[in-house]
Amino acid sequence: MDADVIVVGAGLAGLVATAELVAAGRKVLVVDQENEANLGGQAWWSFGGIFLVGSPEQKRMGVKDSFDLAWQDWQGSAQWDRLDGEHDEDHWGKQWGRAYVEFASSIKREYLTGKGVKFTPMVGWAERGDGRATGHGNSVPRFHVPWGTGTGIAKPFIDLAREGAQKGLVTFAHRHRVDGLVTSGGAVTGVRGRVLAPDSCERGVSSNRDEIGDFEFTAQAVVVASGGIGGNHELVRKFWPERLGMPPKRMITGVPAHVDGRMIEITAEAGGRLVNRDRMWHYVEGIHNWDPVWPNHAIRILSAPSPMWFDALGRQLPAPFFPSYDTLGTLRYLRTTPGIEQHDHSWFILTTTMIAKEFALSGSEQNRDLTDRDVKAVLKSRVAKGTQREVQAFVDNGEDFVTADTLPELVAKMNALTDEPLLDVDVVTAQVEARDREIGNKYSKDFSVNAIHNARSYRGDKIGRVTAPHRMLDPKHGPLIGVKLSVLTRKTLGGIQTDLESRVLGSDGNPIEGLYAAGEAAGFGGGGVHGKNALEGTFLGGCIFSGRAAGLSLARRVG
């Protein structure tokens with residue numbers, strides 16, 4: 001045999017499984033179609049947010065959290081509704097969901113800090129919800145930002161894998177594309193595929209697919225940790241959920257091109273059960289990267305609630321579809337509302353004062369102060385006045401941004417970004433002026449204004465995230481800024497069904513001997529740990545939790 005365990009995929013989930021196996025003295029062969037520069041996968045590019053419950057960081061910010069509150073939020077977001085019949089699709093996803101919230105409420109932080117992860121004092125309030133205590137969303141801030149952003153989560157596990165290689169316990173087979181799983185006597189015993197030509201491209205850049213040979217590796221077990229389908233728009237459209245209406249004709253891409261979903265189908269060919277294929281997580285605040293790495297490279301805007309959000313026809317979105325509130329609810333509204341569902345974009349309108357404090361960009365490369373662990377730079381960019389450097393670069397260079405001193409001038413520039421002028425300046429002006437009239441008091445009937453007041457009641461938002469309410473048309477807060485937003489593909493919420501040990505299940509509900517899955521390929525656990533909606537900070541965490549489960553289980557079973 002070539003190893004005790006073969007791990008397919010050198011992203012976070014695969015590296016966590018590898019770390020657990022190495023700690024137990026097992027030999028691991030990590031097989032990946034990309035080169036060594038891509039160790040860490042998508043996690044490296046992420047903002048790095050981690051969902052924790054009852055953490056010291058929350059307590060310092062005056063946040064009272066508990067397992068019961070977090071589990072209430074998780075269930076309200078997941079809305080598991082496929083629980084009937086034999087081997088139902090949501091059975092394991094729900095069990096994984098509860099186990100994950102227990103993990104986040106207990107040893108998750110200790111586990112990560114023990115691996116060298118360090119957290120900033122920042123706790124963000126992502127996915128603030130749909131307005132119901134029992135509905136979707138986080139009741140309190142839970143989005144913990146690590147020093148180093150996504151690199152701060154991925155690098156400790158990359159280092160552990162490399163240390164394992166130095167000890168002779170880990171072997172990397174880069175540029176090896178798996179095309180099939182090898183089975184013997186009803187058990188999975190290896191992988192086979194094609195060797196790809198060497199490629200020295202930088203991390204995230206599309207590599208060649210030139211085939212130069214064949215391979216077959218054998219082991220006692222295989223872990224599929226190959227990621228989701230976000231880089232494959234054809235598959236995204238194929239499985240687009242009916243509840244989200246019409247898929248966009250044009251989308252932009254939040255993941256590298258190699259996130260293609262191939263291994264999910266290959267696992268199914270070997271007997272693995274695929275569930276919840278129509279559950280996915282895409283963002284509506286996507287913008288084109290003016291300095292792209294991969295094809296159609298998109299960045300997500302992480303906005304606090306103050307900007308006004310308009311549909312393609314210039315009508316402000318209704319509650320609760322405000323920035324940072326309800327990702328898929330907003331996507332559903334934009335894709336199902338008559339009159340706008342044929343348009344693939346929406347708009348933010350905001351002031352320069354707002355963008356300076358309320359805009360952040362998702363991605364390690366878009367947050368160099370945090371990624372470089374530069375405390376002085378963080379204080380300068382996050383607390384002091386002025387727009388963050390990376391955000392200002394998009395204002396200056398991004399194709400989706402326009403600025404103007406007056407609203408009529410801004411609307412004219414916004415109309416110039418679309419094939420036809422859909423925005424009526426009088427309609428937009430009436431709505432902006434109406435909200436401006438609501439700003440004079442600390443209370444309002446306007447839910448979008450109340451969202452600002454509610455956010456500023458949280459210490460973290462008031463200090464570094466949400467501007468004091470002000471009138472959009474007040475010149476001292478200008479110039480005005482318009483941002484054209486597109487749907488950005490990102491995460492797969494369904495996939496390979498697994499039990500709580502990350503063992504892949506067959507159509508009969510029983511584990512397939514020797515076959516495991518972790519991370520996004522497994523719907524972050526069980527084929528759907530999130531159900532229909534995510535609470536953010538849970539994607540990297542799902543990779544860690546499911547990869548850890550696979551590694552611990554295999555450490556007991558092989559060797």
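Predicted model: local features only at pLDDT ≥ 70, side-chain atom pairs only at ≥ 80, totals over all residues.

Biologist: Which way does β17 run relative to β18, parallel or antiparallel?

Modeller: Strand β17 (residues 401-404) runs antiparallel to β18, and four bridges join them. Val402 stands opposite Gly482 in β18.

Biologist: And β12, how many bridges does it form with β18?

Modeller: Four bridges, again in the antiparallel sense. Trp281 is paired there with Lys491 of β18.

Biologist: What about β10 and β18, parallel or antiparallel?

Modeller: Strand β10, residues 252-253, runs parallel to β18, with two bridges between them. Thr253 has Thr489 as its bridge partner in β18.

Biologist: Let us change topic. How many salt bridges are there in the whole structure?

Modeller: The search finds 32 salt bridges. One of them is formed by the side chains of Asp90 and Arg279, with an N to O distance of 2.7 Å. Asp90 sits in the loop between α3 (67-78) and α4 (91-105), and Arg279 in the loop between β11 (274-275) and β12 (280-288), so this contact ties together parts that are 189 residues apart in sequence.

Biologist: Are Asp90 and Arg279 buried or exposed?

Modeller: Both Asp90 and Arg279 are buried.

Biologist: Which residue forms a salt bridge with Arg128?

Modeller: Asp461 does, and the closest N and O atoms of the pair are 2.8 Å apart. This pair links distant parts of the chain, 333 residues apart: Asp461 belongs to helix α17 (residues 459-464), whereas Arg128 lies in the loop between β4 (119-124) and β5 (143-146).

Biologist: Why do Asp461 and Arg128 count as buried?

Modeller: The cut-off for buried is under 20% relative accessible area. Asp461 counts as buried because its relative accessibility is 3%, and Arg128 because its value is 10%.

Biologist: Which residue pairs with Asp179 in a salt bridge?

Modeller: Arg177 does, with 2.9 Å between the closest N and O atoms. Salt bridges that share partners join Arg177 and Asp179 with Arg194, Glu211, Asp214 and Arg262 into one network.

Biologist: How accessible are Asp179 and Arg177?

Modeller: Asp179 is partly exposed, at a relative accessible area of 22%, whereas Arg177 counts as buried at 12% relative accessibility.

Conventions:
Residues numbered from 1 in each chain as written. Heavy atoms only, no water. Salt bridge = Lys/Arg side-chain N within 4 Å of Asp/Glu carboxyl O. Buried < 20%, exposed > 50% of the residue type's maximum accessible area, 1.4 Å probe, protein only. Pairing = 2+ DSSP bridges.
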